[in-house]
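Good morning, and thank you for joining this group meeting. Please look at the structure on the screen while I go through a few of its features.

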Amino acid sequence: MNPTLRVAELKSLIAYHNHRYYTLDSPEISDASYDACLRELEFLEKQYPHLKTADSPTQYVGSAPKETFKKTPHSPPMLSLANAFNKAELDEFNLRVCELLAETSVEYVCEPKLDGLAISVVYAQGQLIRGATRGNGEVGEDITPNILTLQNLPKKLEGEAALLPTLELRGEVFIQKADFQKLNTLRAQQEEPLFANPRNAAAGSLRQLDARVVATRPLSVFLYEVANGKTFTSHLHKLQWMEAHGLPVNPLRSHAKGLEAVETAYQQLLQARGTLPYEMDGLVVKVDSTALRERLGEASKNPRWAVAYKFPSEEVETRVEDIQVGVGRTGVLTPFALLRPVMVGGARVSRATLHNEDELSRKDIQIGDWVFIRRAGDVIPEIIAPIPSRRTGLERPFSFPPLCPSCQAPVYRVPNQAITRCTGLSCPAQLSAKLCHFASRIAMNIEGLGEQRAEQLVASGLVKRLVDIYYLNFDKLAALPRMGEKNSQKLLAAIEQSKTCRLARFVFALGIHQVGEVTAKTLSATFQNMEALMQANFEELTQVHDVGPEVAREVLEHFANPNNRQLIGDFLAAGIAFVAENPANASGGHTLLGKRIVLTGTLSTMSREEAKAEIEKRGGKVTETVSAKTNWVVAGENAGSKLEKAKALGLHILDEQQLKHLLES
């Protein structure tokens with residue numbers, strides 16, 4: 001490799017993607033790919049210092065302001081942050097800080113790194129008078145009319161802040177996840193191009209020429225810096241002062257005394273990442289002391305006193321090799337994309353859901369497209385959007401098949417719904433999916449009977465109805481590929497053990513539409529036995545907590561089907577027997593009925609699963625997300641961001657002893 005040519009190539013490539021990201025708000029590559037290019041350029045410039053020039057992307061921030069906006073200078077400049085992509089690089093940052101300061105340990109403030117658009121706002125005598133984008137760091141775009149539309153940014157300050165001649169603050173504008181989904185849904189209905197992600201939506205919204213359009217977008221802002229107008233001895237004091245004066249500041253911050261505390265804050269935030277209402281891509285680590293910051297100063301475009309400790313990338317770009325359709329246990333056809341394998345958030349991804357026919361059409365995903373993908377909630381891979389600018393003309397649109405890919409029966413579109421179903425009465429794919437659900441851990445808990453084993457049993461003809469698993473022949477089972485005597489014995493033992501179960505598990509295992517684990521428990525606790533549940537009428541069902549008219553109709557329809565009633569009778573004849581529900585439930589003791597509870601941290605006298613089970617036995621609902629609807633947050637040892645959010649929302653917080661008292665009451 002010729003380093004001179006490679007450096008020139010990287011400079012051109014990064015400049016191009018800077019323009020698409022900062023100016024056009026239409027990126028073609030993911031943050032991870034962009035970071036890789038920039039890091040390679042930094043490495044080469046370090047190896048060959050003579051190739052480092054003033055116009056290198058490593059020496060400036062962002063991109064030039066749009067010509068359509070008035071330019072406004074930044075003093076001091078709005079710098080970008082250096083990145084640390086792993087623990088070793090964080091250690092290097094900390095070591096440099098300590099060496100420059102001749103200290104053995106430094107105190108930091110840790111804040112979430114939001115994925116939005118950086119802005120600067122200026123108040124004069126407490127009145128908001130100007131707002132600007134970061135631009136290239138030295139000069140930004142004057143977007144004052146648009147800034148004035150931000151609902152959570154006060155237009156006039158009170159108290160001490162109102163007495164300051166000028167006060168310049170900096171922050172990040174973003175769109176919350178739920179608002180982003182609503183915005184894209186609305187754009188789809190209006191046949192407008194969809195935003196690829198919340199960051200693009202925020203940037204594209206804030207840089208509209210018409211403030212009336214901006215006012216319709218669900219933008220929020222968190223402020224994190226006082227650039228001019230007032231001095232502070234520490235960053236933490238600065239955040240507290242802004243918060244006390246009614247300015248929007250992220251409550252999820254922590255004071256970290258040394259490197260180990262920073263790593264703890266990082267791990268807690270990483271764990272909470274999927275539960276927070278907004279996107280973030282890391283932890284910003286800042287030296288707390290203002291005096292120490294001044295001693296550290298700046299290096300080119302980055303302050304030496306701060307670093308962005310990045311999370312593993314959850315959004316990357318790859319190519320759609322093919323689009324196929326799967327069939328679920330209810331006969332619903334779900335399209336999915338076969339992808340060129342790529343690492344996303346530490347996992348190798350080769351396929352992603354496309355949800356349904358309407359979603360596929362709305363996103364305009366084609367075979368051969370380059371697309372952005374992410375792991376939704378850090379688990380399920382999904383395609384965010386295609387990259388139209390990378391199309392070559394060889395891409396092929398995908399059409400839903402008229403026949404089921406599993407049994408070749410005709411398929412039909414459910415009226416007024418984005419659902420296509422198979423009409424086959426003996427569809428192998430449906431039976432395999434039903435069997436997998438029936439045997440799952442939270443249903444009948446048959447260990448060893450997962451997706452591949454279920455498909456094998458159905459394909460071999462050993463299982464033609466769900467109840468057939470209770471009549472499996474050992475010799476025929478052991479003769480199957482990858483089974484053998486030992487695996488067969490284990491599977492048959494697990495099947496036999498599943499015959500004795502709680503009614504709630506069995507009801508959930510039946511796979512009734514819209515009856516999830518919690519609803520199955522509530523129904524079982526209310527009706528106490530299978531016969532009573534099967535005989536319940538519409539009025540009785542809708543009187544059950546959390547069972548609305550739609551769920552009640554699904555339950556009635558399921559038990560009205562003679563095939564389903566026959567199957568339940570066959571299960572009972574095969575030896576299914578129900579053990580008593582929890583005594584509290586059996587006597588109607590729903591002491592926590594309707595209560596929403598969040599568990600966070602480590603409990604010392606019980607596991608989280610045990611606590612969840614005890615809460616649910618009493619009619620409570622354990623949720624993962626802290627919100628205004630949460631009744632209690634139970635905080636064990638090392639409780640993280642969920643506890644901080646609960647405090648910010650003013651929720652009632654319990655310790656472990658208070659939880660035990662609640663369960664015993």
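Are Phe-93 and Tyr-108 buried or exposed? Both residues are buried. Please keep in mind throughout that we are looking at a predicted model.

Let me begin with the aromatic rings. A search over the whole structure gives 13 aromatic pairs. Phe-93 and Tyr-108 form one of these pairs, with 6.0 Å from centre to centre and 40° between the planes, and this pair is tilted. Phe-93 belongs to helix α3, residues 87-101, and Tyr-108 to strand β3, residues 107-114, so the pair ties together parts that are 15 residues apart in sequence.

Now consider Phe-174 and Tyr-278. Their ring centres are 5.6 Å apart and their planes meet at 65°; because an angle over 60 degrees counts as edge-to-face, the pair is described in that way. Phe-174 is found in strand β7, residues 167-174, whereas Tyr-278 is found in the loop between α9 and β10, so this pair ties together parts that are 104 residues apart in sequence. Phe-174 and Tyr-278 are both buried.

Aromatic residues also come together in a group. Phe-438, Tyr-470, Phe-506, Phe-571 and Phe-578 make up one aromatic cluster.

Rings may also be paired with charges here. The charged end of Arg-293 sits over the ring of Trp-305, at 4.0 Å from the ring centre. In the case of Arg-390, the charged end sits over the ring of Trp-370, and the distance to the centre is 4.1 Å.

I return to the loop between α9 and β10, which also holds Thr-275. What does the side chain of Thr-275 reach? It reaches the backbone oxygen of Ala-272, at 2.7 Å. Beyond residues up to four places away in sequence, Thr-275 touches Glu-624, Thr-625 and Lys-642. Thr-275 has a relative accessible area of 18%, and it counts as buried because the cut-off is under 20%.

Thr-149 lies in the loop between α4, residues 144-147, and β7. With a relative accessible area of 16%, Thr-149 is buried. Apart from neighbours within four places in sequence, Thr-149 is in contact with Ala-211, Val-214 and Ala-215.

Ala-32, in helix α2, residues 31-47, is partly exposed, with a relative accessible area of 28%. The C-alpha atoms of Ala-32 and Arg-505 are separated by 43 Å, and these two residues are 473 residues apart along the chain.

Finally, I turn to the second largest pocket. The space in this pocket is about 1,300 Å³. Its lining consists of 35 residues, and those closest to its centre are Arg-329, Gln-430, Lys-434, Asn-561 and Asn-564. Two or more lining residues come from each of β20 (420-422), α12 (428-439), α20 (549-560) and α21 (562-573). Which element gives the largest share of this lining? That element is α12, with 5 residues.

Definitions and conventions
Residues numbered from 1 in each chain as written. Predicted model: local features only at pLDDT ≥ 70, side-chain atom pairs only at ≥ 80, totals over all residues. Heavy atoms only, no water. Helix = DSSP H or I, 4+ residues; strand = E, 2+ residues; numbered from the N terminus. Buried < 20%, exposed > 50% of the residue type's maximum accessible area, 1.4 Å probe, protein only. Polar contact = N/O pair within 3.5 Å; in protein donor to acceptor, adjacent residues only side chain to side chain. Contact = heavy atoms within 4.5 Å. Phe/Tyr/Trp six-rings, centres within 6.5 Å; stacked < 30°, edge-to-face > 60°. Lys NZ or Arg CZ within 6 Å of the ring centre and 35° of its normal. 1 Å grid on protein atoms, 1.4 Å probe; cavity = no way out; pocket = protein on both sides within 12 Å on 5 of 7 lines; lining within 4 Å. Points joined across faces, edges and corners; volume = space filled by probe spheres on them.
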